[in-house]
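Here's a quick tour to read alongside the sequence and the 3D view. Keep the viewer open and follow along.

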Amino acid sequence: MSSIGDRVLQILARVCPDLPHREVAERAGMTPDAFSRSVNDKRQFASIELARIAEITGTDLHWLVTGQPDPSRLIVAARHNFDQATGLRSVPGRTHDEQVLADIALAYRQAYPRPEDQPDAAATWPKTAAAIRGALGDAFVRPFAKLLEERLGIDVVRVKELSTAYSFTVAGRPVIALPATGSWFYENWSMAHELRHLLNGDHDDSLSADDAAGREQACNAFAAELLLPADEIRAVDWESVSDAELARFIWDRGVSTAALRHRLEALLPQLPARVARWADSTTQRLLRYHLPIDGELDAITTRMDEAAQRRFPLALQEAHLKQVEDGVIGKATLAWMLDVDPAELEVDSPEVAQADADELASALGL
Amino acid sequence: MTTLMFPDTTVLINFAHINRMDLLARLANGNGRWCASVASECARSARQSDLTALDDAGDIFGDPLRPDPAEYQDTIALRDQLAAPGDAPSKHFGEAETVAIITRRHLNLNCFFVTDDRDAARLASRNGIRVADTWLLLRIAHRRLGLDADVLWGYVQTLQRQGRRPPNEARDRSSFDKWLSA
């Protein structure tokens, strides 16, 4: 069985074979002699030295310590950008998003330290788009995130710091993480897309590029069928649809003009002229000009505002409050979720009493 | 035997700022200990020109306690209870490693955990470890080592200039004098 020292040498040889051990030692806060003795099992590493080596090598601290992959390691699926011209899929903001995803994962681990106690939500999930629509009910796109939580046990997080949508399971909880963009139609598509990743268990970081591209296509096909079912599309007489009816259609289904165009291109022999014309415009323009708005509040602005709000599930926040009240964790992560200054966030937490001065002095022999 | 455990550099840096590592040594009275991660953090901090006094910490605390494999795993788990979004990946290992070692080795009963970090103190207290901070040590210095109140008040002002916050009961000179002798 390999030792921690063996694993440190192994990962250094694999990841940065040209990096001198003297420099590794320096960056880990060790003398070259201490580093040499540690990798030869003649001195135990400090935890912080191992954490720094894990950071230098981009490896998993749990693996360095145990030789086993970290069971709480975050394996994500991401919504890729698709370049129509080149056919390439990519996630250009992935490196920047890593820290945000790590922070979200921390919030979950702190709230739910025993993943084994979480219900197995996946066991109850329907597998087809039609069955999911049945489970979520009619007009589900309006409170899509809320219904995903209530009916499928899938948490939805929305933060402006992310560049694209992700899904993952952390601390026993399935999570969809969205960028706050204000575009509810982009968000709906992302939730539908990531839902398919979760349903299919697409979270495997050893996928080839071809396999990953295939899964992305399957997720977009699923999202299309969930939000724009083929039988409903085919039932519409698109040549006679008015601008107002077109606006109502994309509003009710919570999709963009571009998404509708792609769907019709896939299902109909020819793209209807009115759809083609509006697809070159923004979704908001079609809605602003042609969607009848009832009431004093502008429904379009309301949807946009909701899709721009920072969002963490209330159950997650409640679990944090409980942990803070019990003194298990501090309030910094809760404040981060709420986007408030931790110093200003007043929550109940146990007082920590200082030792008695005389008792301590006597114990020290003073 | 009583152990005075320093789980981070908060208190050490304060004694370095007032340039009284000798006072810290007298207070510890041979009972001071630290873990390997704290020793490592301290060595890094000692490179700063205004904290070179931290080089003396090794003489006070001796060879650091080093974690065994089970304690490494406890450290990783405990660190989650201290971490906050945006923290550097190497932050909080000193505090977590110290609690892991104290609890695994059943040192709780005779141990005092000395830190000015509220979250670290919370973690220690929750694990049945008594806590103390810089201000408590300065109070003991006055009461048991005879350190003059004027001198101590000077230290408080030095630490305030470094952004440290004294106890609410000791914000001005008169309340400080009452607090010292309370």
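What follows covers the domains, the contact between the chains and the nonpolar core of this predicted model.

## How the chains divide up

Chain A splits into three pieces: domain 1 (4–66), domain 2 (73–312) and domain 3 (314–363). Going by C-alpha atoms, the centres of domain 1 and domain 2 of chain A are 42 Å apart.

Chain B comes as domain 1 (3–133) and domain 2 (136–181), with 22 Å between their C-alpha centres. Where these two domains of chain B meet, domain 1 puts in eight residues and domain 2 puts in 10 residues. On the domain 1 side, α1 (10–17) and α2 (21–28) of chain B each bring at least two residues, and α2(B) gives the most, with three residues. That side of domain 1 of chain B is made up of four nonpolar, two polar and two charged residues.

## Where A meets B

The contact between the chains draws on 34 residues from chain A and 45 residues from chain B. On the chain B side, the elements giving two or more residues include α3 (36–45), α5 (69–80), α6 (93–104) and α8 (134–145). Sorted by class, the chain B side has 20 nonpolar, 13 charged and 12 polar residues.

## The nonpolar core

The largest nonpolar core holds 152 residues. A:Y108, A:A177, A:L227, A:L360, B:M5 and B:L12 have the most contacts inside it. Helix α9 (residues 184–200) of chain A gives the most to this core, nine residues.

Take a look at B:M5: leaving aside neighbours within four places in sequence, its contacts include B:W34, B:I102, B:F112 and B:V114.

Definitions and conventions
Residues numbered from 1 in each chain as written. Chains lettered and ligands numbered in written order. Predicted model: local features only at pLDDT ≥ 70, side-chain atom pairs only at ≥ 80, totals over all residues. Contact = placed C-beta atoms within 7 Å. Helix = DSSP H or I, 4+ residues; strand = E, 2+ residues; numbered from the N terminus. Nonpolar A, V, L, I, M, F, W, Y, C, P; charged D, E, K, R; others polar. Domains from an automatic or database assignment. Core = buried A, V, L, I, M, F, W, Y, C linked by C-beta atoms within 7 Å. Buried ≥ 20, exposed ≤ 12 C-beta atoms within 10 Å, placed from the backbone.
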